[in-house]
Amino acid sequence: MAEELVSNSYKMSASQWLWHRYDVKTLADLAPGEIVEGPFAQIVRYRGQKSETSLGSSSYDFYKICLMDHTILRALESDKDLRLFPFALYILCHELIHIVRFAKFLQSFHASQEEKMAEENRVHQKTREVLNSVRVPGKEALFAFYKAWEAPMDAAIASQ
């Protein structure tokens, strides 16, 4: 559902969506270096290359969406109004929007910390816009949860 919502928002066909190579992994399948404390997910970028080619020009970006189960479960336990499905949908839409923005060169993967914070704000806004287009039970509580995250981000951006 997240993939469909994001592709519709960016007006991408199914074949265009296949250009974005990514995988989604939960904590059990992550390497120690892919695990972080704090965020609900992170994207790790790898360089991929088909095994039958040796040309550097045939390499491609492969993104791994690393879900931080422990952080997600903690948030669900601490906020009883938050439901798993809309929360997971928000997280996945958010991360897929990042991938599309990297692939379309709307954002550099290696941006400065200041620019990463501004990008997070843009992607949160876009995620809200994408999810506003569908009916999902629990969406209002989800938006209320993320509203609390917007003020600190705005303050961090303004202070830099």
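A: Let's start with a lysine and a ring: the charged end of lysine 126 sits over the ring of tyrosine 10, 4.8 Å from its centre. That counts when NZ of Lys or CZ of Arg is within 6 Å of the ring centre and within 35 degrees of the ring normal. Before going on, a caveat: this is a predicted model, with local features needing pLDDT of at least 70 and side-chain atom pairs pLDDT 80 or more, while totals for chains, interfaces and linings use all residues. Residues are numbered from 1 along each chain as its sequence is written, and side-chain values use heavy atoms, leaving out hydrogens and water.

Lysine 126 also has a salt bridge to glutamate 129, 3.1 Å from N to O; the term means a side-chain nitrogen of Lys or Arg within 4 Å of a carboxyl oxygen of Asp or Glu. The two are three residues apart in helix 5 (residues 113-132), so about one helical turn separates them. Helices (H or I, at least four residues) and strands (E, at least two) are DSSP runs, numbered from the N terminus. Lysine 126 is buried at 17% relative accessible area, whereas glutamate 129 is partly exposed at 47%. Buried is under 20%, exposed over 50% and partly exposed in between, using a 1.4 Å probe and protein chains only.

Arginine 128 has its own ring: its charged end sits over phenylalanine 143, 4.3 Å from the ring centre.

The structure holds four salt bridges. Another one joins lysine 64 to glutamate 34, with the closest N and O atoms 2.9 Å apart. Lysine 64 belongs to strand 3 (residues 59-67) and glutamate 34 to the loop between strand 1 and strand 2, so this pair ties together parts 30 residues apart in sequence. Both ends are tucked away: lysine 64 is buried at 14% and glutamate 34 is buried at 4%.

Now for the rings. A search of the whole structure turns up eight aromatic pairs. Rings of Phe, Tyr and Trp (its six-membered ring) pair if their centres lie within 6.5 Å, with planes under 30 degrees apart called stacked, over 60 edge-to-face and the rest tilted. Phenylalanine 40 and tyrosine 146 pair edge-to-face, at 6.5 Å centre to centre and 80° between the planes. Phenylalanine 40 is in the loop between strand 1 (21-25) and strand 2 (41-49) and tyrosine 146 in helix 6 (residues 139-159), so the contact links parts 106 residues apart in sequence. Tyrosine 146 also stacks with tyrosine 90, at 3.9 Å and 15°. Since tyrosine 90 lies in helix 4 (residues 84-103), this pair ties helix 4 to helix 6 across 56 residues of sequence. Tyrosine 90 is buried at 3% relative accessibility, and tyrosine 146 is buried at 4%. Phe40, Phe87, Tyr90, Phe145 and Tyr146 form one aromatic cluster.

Some of those names come back in the largest nonpolar core, where Phe40, Phe87, Ile91, Cys93, Leu131 and Tyr146 touch the most other members out of 34 residues. Such a core is a set of buried Ala, Val, Leu, Ile, Met, Phe, Trp, Tyr and Cys residues joined through side-chain atoms within 4.5 Å. Helix 4 gives the largest share, 10 residues. Take leucine 131: leaving aside neighbours within four places in sequence, its contacts (heavy atoms within 4.5 Å) include Leu5, Cys93 and Leu142, along with Tyr90 and Phe143.
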